[in-house]
Amino acid sequence: MPTLASASCIDDLREIARRNLPRVVFDFVDGGAGDEFVLRENRASLRDVALVPHALRDVSKVDTSVDLFGKRYALPFGVAPTGMSGLVWPEAERLVAETAREMGLPFILSTVASCPMEEIGAICGDLGWFQLYASRNRATDLDLIARAKASGFGALVITIDLAFAGIRRRDIRNGLALPLRPNARMCMDVLRHPGWLLRYWSGGGIRLPNLEPYYGGGVSMMAQLDAQTDPAFDWGSLGEIRRLWDGPLVVKGVLGAQDAKRAKELGVDGIIVSNHGGRQLDCCAASVDALPEIVDAVGDALTVMMDGGIRSGEDVSRALAVGARAVFAGRPGLYGAAAGGKGGIGCAFKLLATELATTMALLGCRDLTELASVEVRRNRNLPVLARM
Ligand SMILES: Cc1cc2nc3c(=O)[nH]c(=O)nc-3n(C[C@H](O)[C@H](O)[C@H](O)COP(=O)(O)O)c2cc1C
C-alpha cells in the first residue's frame, strides 16, 4: 500500500485517495459519464503515443518553461478547474493555488470552486485564470467577469461542454447530493473515514462562495449548480463575452476542427481540447486523438492546449509532441489533496515536473521547441494500467 512519503507516481496518490475518501467523494472525483469509455480512452490513447528519442545530445540543461499569452510559466502543465474541491480537503483550491504559485504553474479556478475568487486571485495574480460556466442569467455572468478582472486573473476560460451535466452513473448509484445527505450506506462509509469526516466538519462542509451573491439562502446548492448551466449559451453568447473581456480568452471543451475555426473567427485567443475528463459525453474522441486536426486547423493562430488523462511527465511530453502548447491536469491535484492536503498536492505536481524533465532529457530535448518536433508514432494500443 503506498503512503504519501513513498508515492512514486500519480496512480499511487490515487490509491491513497481511494483509501482516504468516502466512496461517494472518491467516485465523484474519479468517475466519468456513461460507460466511462472515454475516461479510459483519454489514458489509453496517450499511452499509444510513442516518441522517437534523439541520442547523444547534450542534455545537461533542460528548460521546461513555456510562454502562454505573454507570460512565462516554469512548466508546460497547469491545474485544470475542478468544482467543489472542498469535498476532498477543506479549502483545497487555496492550497492548489499556493502550490501553483510556488511552482510557476497556471491554475484555473472553477466558477463552482469552494473558495472565493477574490481570495484565489490575490494568491495567483495574473498567473491564475478564471473559468466561467455561463449562467441562465447574463447579469450574473457580467458580474462574475467583472469580479475576475478585479481579482487580477490573467485569462478567462469559458467551458463549452456542459450544456447539461453529464450522466455519471457512480454518482447516481452513490446517491450524491450537495451538500452531502448521507443515507444509511453512506453513513457507514463516512464513519469508516474519520479523518475525512473531521476535516469536512471542521471546515464547515461545502459552499459555493462565488455564487452566493446571486442566489438567496433558500436556493439549494443543486439548484444553484443547475442555474449556472445555460443550455441556450451559443456562439452569439460567446461573441458577447469576447466583447466584454479584453484579456486572453480561452474556450475549454473543443473537440473538432470546425468549432476550433469558429472560435478563431470570434477572436478567441486559446483553446483547451478537452472532453471534461470523460465526465460529460461518453461517445466522443479522446483528447489526444482530437488534438492533431485542431492543431492543423488553427494552431498557427491560436494557443492550442489539451487536458484529459495526463498522469505523468511522459503524458505531458506525448501531448506536447502531438501538438499541444501546454496541458492541464484535473484529477492528479485532487488525488494529491486527498492523500495529504497541501503536501499531497505538491507531491502530485512535483512528480509530474520531475518526470517531465527526465523524459525530455531521455528524448534528447533541451526545450519545448525540440519536444514539439520529436517524431511521433502511434502503433501500440497498450491497455490502460490504472486499477479502476
Ligand atoms: C471533480 C472534478 C470537477 C470538475 N469541475 C470542473 C469545473 O468546475 N469546470 C470545468 O471546466 N471543468 C471541470 N472539470 C473538468 C476538468 O477541468 C478537466 O477537464 C478534467 O479533469 C481533465 O481530465 P483529468 O482529470 O483526466 O486530468 C472537473 C473535473 C473533475 C475530476
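The lining of the largest pocket splits into 21 nonpolar, 14 polar and nine charged residues. Keep in mind that this is a predicted model. The pocket's volume comes to about 960 Å³, and of its 44 lining residues, F28, M84, L162, R168 and R279 are closest to the centre. As for secondary structure, helix 10 (221-227) gives the largest share of this lining, with three residues. Helix 2, helix 7 (169-174), strand 11 (327-329) and helix 15 also supply at least two residues each.

This largest pocket is where the ligand sits. Its shell holds 24 residues, with P81, S110, Y133, T159 and D307 coming nearest. By class, that shell has eight nonpolar, 11 polar and five charged residues. Helix 2 (23-30) and helix 15 (331-363) each put at least two residues into it.

| Residue | Ligand atom | Distance |
|---|---|---|
| T159 | oxygen | 2.7 Å |
| K252 | nitrogen | 3.0 Å |
| R331 | oxygen | 2.9 Å |

On its own the ligand has 600 Å² of accessible area, and the protein covers 98% of that.

Now for the second largest pocket, with a volume of about 300 Å³. It has 16 lining residues, and T159, I160, A163, F233 and D234 lie nearest its centre. T159, then, turns up in this lining as well as among the residues that come nearest the ligand.

Methods: Residues numbered from 1 in each chain as written. Predicted model: local features only at pLDDT ≥ 70, side-chain atom pairs only at ≥ 80, totals over all residues. Heavy atoms only, no water. Near = heavy atom within 4 Å. Polar contact = N/O pair within 3.5 Å; in protein donor to acceptor, adjacent residues only side chain to side chain. Areas by Shrake-Rupley, 256 points an atom, 1.4 Å probe, with all protein chains shown as cover. 1 Å grid on protein atoms, 1.4 Å probe; cavity = no way out; pocket = protein on both sides within 12 Å on 5 of 7 lines; lining within 4 Å. Sits in = over half its atoms within 2 Å of the grid points. Helix = DSSP H or I, 4+ residues; strand = E, 2+ residues; numbered from the N terminus. Nonpolar A, V, L, I, M, F, W, Y, C, P; charged D, E, K, R; others polar. Points joined across faces, edges and corners; volume = space filled by probe spheres on them.
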